[in-house]
Amino acid sequence: MKKPVNAKSTRNGFWALRFKLNGRKISTRVPPTRTLLDFLRLELGLTGTKGACLEGECGSCYVLVDGKPMNSCLMLAPQVQDREVTTIEGLAQNKKLDVIQQKFIDCGAVQCGYCTPGLILSAKALLAENPHPTREEFLVGMEGNICRCTGYNKILRACEQAADAMGLKKK
Amino acid sequence: MFYQPKDIQKALELKAELKERGAFLAGGTDLVVLMNHGKAAPENFIDLTHILELRAIHKHNGTLELAGNVTHAQTGKLPIRCLAQASLSVGGPGIRELGTIAGNLATASPAGDGSAALLALDAEVELTSVRGSRRLLLDKFFLGYRKTALAADEMITKVIIPTNYQTDWGKNGKRGAMNISIVAAAVAITPKKEVRIALASVAATPIRCYQAEKLLAKNGLTAETIRQAVQTVRTEIKPITDHRASADYKVHVTGVMVRRLLENLVKA
Amino acid sequence: MNRPTDTLGESAARLHVTAKSSGAYETGPMKVVGKSALRLDAVGKATGATKYGQDLFDKKFLFAKVLRSAHPHAEILGIDTRAAKKLPGVVAVLTHKDVPGTNLHGLIRRDQEVLCSKKVRYRGDALAIVVAKTEEVAVAALEKIQVDYKPLPSVLTMEDALRVDAPKIHAEGNVLGEKHLRRGDAPRAMRDADVVVEDTIQTQTVDHAFLDLEAGRARYDGKMLTIEVSGQWLHEERRLIALALGQPLEKLRIIQPATGGAFGGREDISIQIYLGAAALKLKGKMICLRYSRSESTIVRHKRHPIRIHYKLGAKKDGTLVAAQITFYVDKGAYASTGIAVMRKASSHATGPYKVPNVWVDVLGVFTNNNPCGAMRGFGAAQTAIAYEGLMDRLAVKLGMDQAELRRKNLVKSGDEVTTGQVVPYATATECFDAVLQRIDWKNRSYDTPAPHLKRGYGISIVCFGLGYGDGFPDASRARCRLTPDGILEVYSGACDVGQGLINMIAQIAAEEVGVPLEKVRPILSDTALTPESGSSSATRQTYFTGSAVHIAASELKTQLRDIAASHLQELVYEIKIENGAAFNVHRPERRMTLKEIARVGKKRGFSLEAMGVYKPPTMPENTQTGQSMRAFVTYLFGSHACQLLVDTETGEVKIERYIACHDVGKAINPDQVIGQIQGGVAQGIGMALMEEVVMKDGKIMNPGFTDYILPTIRDIPEIECIVMENPDPGGPFGARGVGEPPLIGTGPAILSAIYDAIGTPIRELPATPERVWRALLAH
């Protein structure tokens, strides 16, 4: 992280935003009261992150900030200054799907798909910190995501298979 | 204007200058929800999330000093059961990474999950402004429904809790996760064997059950005194009927939870 | 705790094919149908590339916001938009005067104004649309619109609505209508019955709460008005929009973006006409509009809350003889699909049970609460809670095991159901036996880890008519086309709302024509490109649109075989198409690829296209008796079993085990079928235990997800699915459907288990901890 400065928005009201997004450095300006969610979607055109409740109760808006899941609907864009943000668009590398994405698809855990990006990021953050979660640890990691379509069984299955697949890779 | 100070001093100077016209912003889990619903539009923001000192946890003389912006995710990992359990029950992982202990206390929701745990721990809060620092028992910090002792230019810089209490915590809600509690309870036994009972969602603020505690102080913890304490708690509290639950259910279930938690303490 | 075990391989192993094939319909070994092929739209969804309504926005577009009523019931004396129009950044403010057509919509009755002119009847009624350069300006401008209301007394309960001096919500009064069913002589049979049980059940207002908030965009370029909004029935929406706006159909195009769930909640018009009106007014401009969560909840129609008085009579040995049921249906402010919901409740009043004497009366009553309309189950979900609840009460009164009582009375093949229709193939007993065996009913244990925990076992059986039924013109159309590249295109107006329709269509077409799935390209839900395939509701798409696709594919295959035969100089009846090539079955070296067939066919003037139409043959009900010889084309059977623990001190319920068996005829894609079952059960759990729209003075007190409680991952146990396949002779490859029955079976099974655990029935939904506790107190 860059050395912190006493930053503030400019005279004409915009904030000079500087952060890393999906591995790329971004320098832009943003109205300071724009939520991170709206900023990503409307200003940057990254519509993979979704808004569904705007209260922090559904997890559809999850992004990773320095690897930690956060509700982007509850953050104001300037708050990611000098941080690393990962959205769902940042997961696939060179057109190759992340193993978690692949397992969600393989296990039939994607129905309407609206909760999918948030869930995949939850799983990503969880497995990065804890590669072999118990069932309870999976539940703790996924309890902030609401899915209205699948009944969660296949989602849990996909996460478990992803953990297994990632474990195998390490060997 | 949006400010992102790098240290506490700068943040305090800004707050002293702006007072009510400057809103502290940390997790946004209360303020930004209101903004999303069109119910708040602060003139100025003082973003505290880039002040490293405010995330620190220090051990100090048999206590833990939690800086104001310590998150629920951080407190969820502490070896203090009531606080850790309360923190893990908050929202989902995202909310836990965003939400801060100071933010939670400053909002002073009667349903504050961590507040009951902190009350049972005899927590102290450190309130700081450009005029200096003062410490207050958490019990004296909550003044009324969503009202606290924070002055217009003050910030909660620390929460100080003991590490040697024996504690437990429980919550009653309508589903398995992400609950605004119907009732939350925390209990503790101090090294001197004094019992603490704290509740959330049964009054305008989180509260301590002093009458029940007095009863237990006189007679110790037995099955019979627990029964009497629970009865006392049930008469002490006056919850409201709201869209979450009726008052009589809340009274009943509070008693059940307090009894179970006290029984757990005795077993341990 | 066990891991969920329904992997792809295991789903195939789970298929339980009984020996009850009709014989006349052989399905044989298949290559694509019956396989759990990966969902064709999954990659886009998993990478965030898929575009839902709100993803189509751009900062350059104009943003619209809608002004809602401040009262549940009021006259509109005037609307003053001058101050709003003056706000910098505001481009237009529309009122009813700016809606060029009838300004009315409504699926059955056109009784809802798009922008209200004289009256508002619930708090979600719309009065004006603001269009501005940014959403913030539009929101600010809403505050500046002055509406002069004359508040009227609000009618918030059905009792209030039915009073003689009640304020009239609609000019014709506060009764939407009635439905009746008369089968046999129920009053007499009830008097002669050995045992009678009776109770009143009240179900609650439920919200669809799909995650993908209503959002979309529209533009009128002078020639074509294009509206991109997710619905459930594209072509019907188009007709309604055309009437409301006075726009000729040829100049109106509706395109469905990707859709994040519907469950009946997109069946009524939502934002389409607002966008259309704004686009017509601001020619050339792209207008976009989105709802917040609270607006979405406040505006959208809900599941009907129904009060059910249920009386059931039986012989000493448990044989049912009579049922008398009255349904009071709170319709809310507008008609929507209420009359159809009332009919479905009535026609399913005794579910899977054979009752020779059934009298049903349904009354639909207007109130100033949210209008109610379609939601997964459509009246049958509420009804099932009542009939299963009463069966349990009867079992207790008779001292009979509740499973034995049910088995004794289940509809069998050749029996008549409540509408008088004979069901040729009924598998209720088979489904029931499957779940009883899986849960080991005979050896169920009531031992619990602690004395305050009580265990309960619940069961339910579903018999559900598929499709709209009752003679409704419920047709589906599809078109298949072979492209020059040898790709099989399938065109259908059907909406994939997340259920996996895209795969159902593609797999059926691939199987029928004989191409690998990768060579199929489904083109869906665009009125300019796709024929009308009816609504994605009523569990009809697999059967009806699947049939239309099957027919179209079959017709196309005939054409392709003709081309191949003539080109290869072989006999057409020896030509088979498999894996994307046509060949002579006896001399397979005589072959040509589909790409070659396309080339040759085009040169010879073949269309390389074929249409398929499927029209379900059903017959209207007799309005006095509710009887119809053919109310539905077919019936769906299923059964659930539930094992749970009740904490008798707090009333909390923990589901330990859940088993669901559904006979789907033929699982076109078994994994997707399991997904539908598990998703339906999850919604059923929500309805049974925690979901409730709380209304006070016509205002929704919990419009957000903080207080409208949806099940999280912790609330849904492993749902063990048994997929049964008894082919339906009329469905594509024997398939029936699966969308609604899993939800319908769930609430009853859970309530049955709670009753088993605590000995007192829950009469009001949801069975929150507080309600369970109160039931325990009363015991």
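Predicted model: local features only at pLDDT ≥ 70, side-chain atom pairs only at ≥ 80, totals over all residues.

How many residues of chain A are in contact with chain B, and how many residues of chain B take part?

Tutor: In it, 32 residues of chain A are in contact with 27 residues of chain B. On the side of chain A that touches chain B, at least two residues come from each of β1 (7-8), β5 (68-71) and α4 (135-142) of chain A. Of these, β5(A) provides the largest share, with four residues. Sorted by class, this side of chain A comprises 15 nonpolar residues, 12 polar residues and five charged residues.

The strand β1(A) also pairs with a strand of the other chain: β1(A) and β1 of chain B (residues 2-4) run in the antiparallel sense and are joined over two bridges. Within this pairing, K8(A) stands opposite Y3(B), a residue of β1(B).

Chain B contains 11 helices and 14 strands. Its C-alpha atoms fill a box of roughly 60 × 45 × 30 Å along the principal axes. The radius of gyration of chain B is 18 Å, and this agrees with a compact globule because a globule of 268 residues would have a value near 18 Å. Buried residues account for 56% of the 268 residues in chain B. Among the contacts in chain B with a separation of 6 or more, 62% link residues 24 or more positions apart.

Technical notes:
Residues numbered from 1 in each chain as written. Chains lettered and ligands numbered in written order. Rg over C-alpha atoms; globule rule 2.2 N^0.38 Å. Buried ≥ 20, exposed ≤ 12 C-beta atoms within 10 Å, placed from the backbone. Contact = placed C-beta atoms within 7 Å. Nonpolar A, V, L, I, M, F, W, Y, C, P; charged D, E, K, R; others polar. Pairing = 2+ DSSP bridges.
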